[in-house]
Amino acid sequence: EKLKLYEGIDIDNFVVMPGARYWLVEPVTDEKIKRMADCWNRVGRKTAEHGIKLSCHHEFYCCLHSREEIDKFYEYADPRYVGLWIDTAQHTIAGVDPTDLFVKYHDRVPGFHFKDTHYIDTRGDYRIPPDPERVAATTYRWFWELGTPEGKVDFPKLMKALKDFNYTGWLTVEIDKADIAGANYADSACRTKWYIDNVLSKIYA
């Protein structure tokens with residue numbers, strides 16, 4: 001009944017994290033992954049009845065964050081009802097190449113969150129309660145604007161892949177927790193806009 005309230009708003013995607021924080025779920029077993037996939041298959045089937053796509057967004061601390069866990073989940077999830085929304089920084093922090101992920105699942109990817117990171121989690125910060133983005137030992141700031149020299153996300157590589165597959169879905173920039181240690185959202189947004197206009201857009205043109 002609640003979904004009917006949104007039918008006239010032209011919602012394209014309903015984006016969810018497909019599981020709880022890792023520390024709340026571990027050990028992450030094959031059976032648990034199957035159950036999560038079944039849950040979102042049912043939700044996605046229901047949203048599809050109202051013209052809304054369901055897409056899963058994996059935080060680096062999500063219980064489905066490694067490449068093995070992600071691949072198992074999408075093996076069990078029905079491609080008709082469950083899509084993959086790629087967050088470039090979150091996957092990179094988890095040690096997953098977002099370009100490789102897109103190449104494999106390109107026909108299931110309706111959108112991206114574009115943001116960068118300077119760090120890859122090698123200490124197991126994803127398991128730290130209650131919120132690894134706030135209390136991790138690795139860094140005080142996980143997320144950065146596009147185009148910094150220390151950035152770990154290879155955006156030119158990703159843009160070339162998007163062009164190769166004639167991708168026309170959503171590309172959204174997420175300015176995530178940019179107000180740390182003297183930084184601010186406006187500056188981060190302006191730097192990202194410059195990088196998009198002067199570097200990335202020329203690759204896809």
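**Exercise 1: Surface and burial**

The accessible surface of the chain amounts to about 10700 Å², with 52% of it belonging to carbon and sulfur atoms (Shrake-Rupley method, 1.4 Å probe). The model is predicted: local features need pLDDT of at least 70, side-chain atom pairs count only at pLDDT 80 or more, and totals for chains, interfaces and linings use all residues. Residues are numbered from 1 along each chain as its sequence is written, and side-chain values use heavy atoms, with hydrogens and water left out.

Task: State what share of the residues counts as buried.

Solution: Of the 205 residues, 46% are buried (under 20% relative accessible area, 1.4 Å probe, protein chains only).

**Exercise 2: Overall dimensions**

Task: Compare the radius of gyration of the chain with that of a compact globule.

Solution: 
1. For 205 residues, a compact globule would have a radius near 17 Å (2.2 Å times the number of residues to the power 0.38, over C-alpha atoms).
2. The chain has 17 Å, so the two agree.
3. Along the principal axes, the C-alpha atoms fill a box of roughly 45 × 40 × 30 Å.

**Exercise 3: Helices α5 and α7**

Task: Determine how the axes of α5 and α7 are arranged.

Solution: 
1. The axes of α5 (residues 98-105) and α7 (residues 155-164) come within 9 Å and cross at roughly 10° (lines fitted to C-alpha atoms over the stretch in contact; angles from 0 to 180 degrees between N-to-C directions).
2. The helices are therefore roughly parallel (angles under 35 degrees).
3. Thr99, Asp100, Phe102 and Val103 of α5 meet Lys157, Leu158, Ala161 and Leu162 of α7 (heavy atoms within 4.5 Å).
4. The residues of this contact divide into five nonpolar, one polar and two charged.

How values were computed: Helix = DSSP H or I, 4+ residues; strand = E, 2+ residues; numbered from the N terminus. Parallel < 35°, antiparallel > 145°, perpendicular 65-115°, else oblique. Nonpolar A, V, L, I, M, F, W, Y, C, P; charged D, E, K, R; others polar. Buried < 20%, exposed > 50% of the residue type's maximum accessible area, 1.4 Å probe, protein only.
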